[in-house]
Amino acid sequence: MTTQTYKTITGHEVTDTMLEEAAKLFSENYGICARRLRQQYLPSATDTVVSYYVMVTVDGYLAGNAFACRWNCDGMTVSWVTQLVVGKDYRHNGLATGLLRSLRKTTDDIYGIMSSHPAAWLAAAKSFGSKYNPKM
């Protein structure tokens, strides 16, 4: 792995081609289609909710991506990751942590990730500044 490039895109700027590539990556690892990605992970922007897509390419190939939403609640900014995927050939190289760090903003007060996978929790803990103790 030589060149890693992270790019964050606001939800309304995500193209169908980007979604097709994201769906292919997810489908190869978990299973979903592009239409469902747009419906479930990129809600239309409102005055209070903005969605984001961040992707990482390695040597020009899509290696991982994440979808997230950000909104205000009771005076605090919430950043919620709704999907995190790293292709199996690119795992254990810090890409998930890099994706999440690309989404992080200093104005965020609360972070969350919708995942039941311990690797996603560890990446979130590294990215958002908390420590996870798997023995707890």
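Which helix lies across β4 and β5? In this predicted model, α4 takes that place, and the helix runs at about 160° to β5.

**View 1. The open sheet and its strand order.** Five strands make up an open sheet of mixed pairing, ordered β1-β2-β3-β4-β5. β1 and β5 (110–113) form the edges, each pairing on one side only. From one strand to the next, the twist averages 20°. Helix α1, residues 16–29, packs on the sheet and touches β1, β2, β3 and β4. The direction of α1 makes about 105° with that of β3.

**View 2. Strand β2 and its two neighbours.** β2 runs antiparallel to β1 (residues 4–10), to which 7 bridges join it. β2 is also antiparallel to β3, and 10 bridges join these two strands. Thr57 of β2 stands opposite Thr5, and Thr57 also stands opposite Leu62 in β3. Val54 has Ala66 of β3 as its bridge partner. Of the 10 residues of β2, 7 are buried, so the strand is largely enclosed by the rest of the structure. In a regular strand, side chains alternate between the two faces of the sheet.

**View 3. The hairpin of β2 and β3.** The hairpin has 2 residues between its strands. Asp59 takes a positive phi near 50° in this hairpin.

**View 4. The largest nonpolar core.** This core contains 20 residues, and those with the most contacts inside it are Val81, Leu84, Leu99, Leu100, Leu103 and Ile113. Two or more residues each come from β2 (49–58), β3 (61–73), β4 (76–86), α3 (95–103) and α4 (118–128). The greatest contribution is that of α3, with 5 residues.

View 5. Leaving aside residues up to four places away in sequence, Val81 touches Phe67, Ala68, Leu100, Leu103, Gly112, Ile113, Met114 and Phe128.

**View 6. Thr97 in helix α3.** Beyond four places in sequence, Thr97 touches Ala123, Lys126 and Ser127.

**View 7. Confidence along the chain.** The mean pLDDT of the protein is 83, with 81% of its residues reaching 70 or more. Where is confidence lowest, and where is it highest? Helix α2 (residues 34–41) has the lowest confidence, at a mean of 62, whereas α3 has the highest, at 94. Over residues 131–136, pLDDT stays under 50. For that stretch the model has 4 contacts beyond four places in sequence. Where pLDDT is low, the predicted coordinates should not be read in detail.

How values were computed
Residues are numbered from 1 along each chain as its sequence is written. This is a predicted model: local features need pLDDT of at least 70, side-chain atom pairs count only at pLDDT 80 or more; totals for chains, interfaces and linings use all residues. Side-chain values use heavy atoms; hydrogens and water are left out. A nonpolar core is a set of buried Ala, Val, Leu, Ile, Met, Phe, Trp, Tyr and Cys residues joined through side-chain atoms within 4.5 Å. Buried means under 20% relative accessible area, exposed over 50%, partly exposed in between (1.4 Å probe, protein chains only). Helices (H or I, at least four residues) and strands (E, at least two) are DSSP runs, numbered from the N terminus. Contact means heavy atoms within 4.5 Å. Two strands pair if DSSP finds at least two bridges between them. pLDDT is the predictor's confidence in each residue, from 0 to 100. Axes are lines fitted to C-alpha atoms, for helices over the stretch in contact, and angles run from 0 to 180 degrees between N-to-C directions.
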